Amino acid sequence: MRDDRVRPAILELTLVRLREFYREPEAVFWVFAFPLLLALGLGIAFRDRPPESVRVGVVATAPADVAAALEQTKGLAVARLADDSAAMRALRTAEVALVVAPAADGGVVYRFDPSRPDARTARLVADDAIQRGAGRADPLAVTEATVRERGARYIDFFIPGMLGLNLMGSGVWSIAFAIVTARKQKLLKRLIATPMSRAQYLASFLLSRLAFLVLEVGVLVGFGMLVFDVPLRGSVGALAVVSLVAALTFSALGLLVASRARTVEGVSGLANLVMLPMWIFSGVFFSAANFPDALQPFIQALPLTAAVDALRAIMLRGAPLASQAGELGLLLVWLVVPFVVALRIFRWR
């Protein structure tokens, strides 16, 4: 028997959005598989391991005690070089980061490229070893304490950043492309004749994002916890609220990007224009504090910065949700304003 019940337009539209998503293998890959592969690669690259040795070349005519002091120093790999020409060739080909050669006054001369960070490090470590070998006495004893606890590693820093980046990418890209593709195929023109409002159509995209949010967040956070022992010190509820608000925020940005674009190329350029500054400045791969103070007001106003900061605070520090009121407030502003603007300027054709 046929079901004559008419489901609300917002429900039908939301179901359409869901079917559009899971019928696109590329979308499923970029939302779920790509973040896991990137996290796995960076987790392996920055796994706990001994520090790499810096290669240092010693010219054969240098004092014997100099070479001996360098060879006994941890963190240095010493290469014996026959003469000055061999030393310069090793520097040019990056076989060594630093060359230690004899000086005319009986001391040593360091040859290196100061623009290379490893060369500057090698210069400091080599000079310390040589001076100690020559009998230098340090007035203050020092010790080293390496930090490898959960929450202080790079992978712990990266997973919340990758989660925020994934929420932004899936929100902006998937929604913007879906709307522009429908507009290009003249599907939006047909929808005008249906008993559906513009607000319902745009809101269906926001609701469809919620259906995949639990899976999207759970897969990445669960992967980090199981594979790399990334901590989740805050509550699951706080993490869910921040993820929800962030997902809706970036979905609203996607609606705004697609509100007038007519071609895939056009919306691609607009989406990149919106997301690229956040890729660079919002502290996904390294701390945003590395940028100059003059840029900090701009950086702190970005929605991805607020999302990443809140996710890291909850996951790594166990911060309560109330402590992230500022970040959530900023995300809500970025949610409401783009959605309202998109609602006003949205074009069906």
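Guide: Start with patches. Nonpolar side chains with over 30% relative accessible area and no salt bridge are joined into a patch within 5 Å. This is a predicted model. Here Val333, Val336, Val337, Val340 and Val341 make a nonpolar surface patch of about 370 Å².

Visitor: Why is Val341 called partly exposed?

Guide: Val341, in helix H13 (residues 325–345), has 33% relative accessibility. Partly exposed lies between under 20% for buried and over 50% for exposed. So Val341 counts as partly exposed.

Visitor: What makes the pair of Phe223 and Phe228 edge-to-face?

Guide: A search of the whole structure finds five aromatic pairs. In the pair of Phe223 and Phe228, the ring centres are 6.2 Å apart and the planes stand at 75°. Pairing needs centres within 6.5 Å, and edge-to-face needs planes over 60 degrees apart. The pair is therefore edge-to-face. Both Phe223 and Phe228 are buried.

Visitor: How do you know that Asp84 forms a salt bridge with Arg111?

Guide: Their closest N and O atoms are 3.3 Å apart. The cut-off is within 4 Å, so the contact qualifies. The pair links distant parts of the chain, with Asp84 in helix H4 (residues 84–92) and Arg111 in strand S4 (residues 108–111).

Visitor: Arg123 also forms a salt bridge with Asp127. Is Asp127 buried or exposed?

Guide: Asp127 has 18% relative accessibility. Buried means under 20%, so Asp127 counts as buried. Arg123, with a relative accessible area of 29%, is partly exposed.

Technical notes. Residues are numbered from 1 along each chain as its sequence is written. This is a predicted model: local features need pLDDT of at least 70, side-chain atom pairs count only at pLDDT 80 or more; totals for chains, interfaces and linings use all residues. Side-chain values use heavy atoms; hydrogens and water are left out. Patches are made of residues with over 30% relative accessible area and no salt bridge: like charges are joined within 9 Å, nonpolar side chains (Val, Leu, Ile, Met, Phe, Trp, Tyr) within 5 Å. Accessible areas come from the Shrake-Rupley method with a 1.4 Å probe; for residues, only the protein chains shown count as cover. A salt bridge is a side-chain nitrogen of Lys or Arg within 4 Å of a carboxyl oxygen of Asp or Glu. Helices (H or I, at least four residues) and strands (E, at least two) are DSSP runs, numbered from the N terminus. Buried means under 20% relative accessible area, exposed over 50%, partly exposed in between (1.4 Å probe, protein chains only). Rings of Phe, Tyr and Trp (its six-membered ring) pair if their centres lie within 6.5 Å; planes under 30 degrees apart count as stacked, over 60 as edge-to-face and the rest as tilted.
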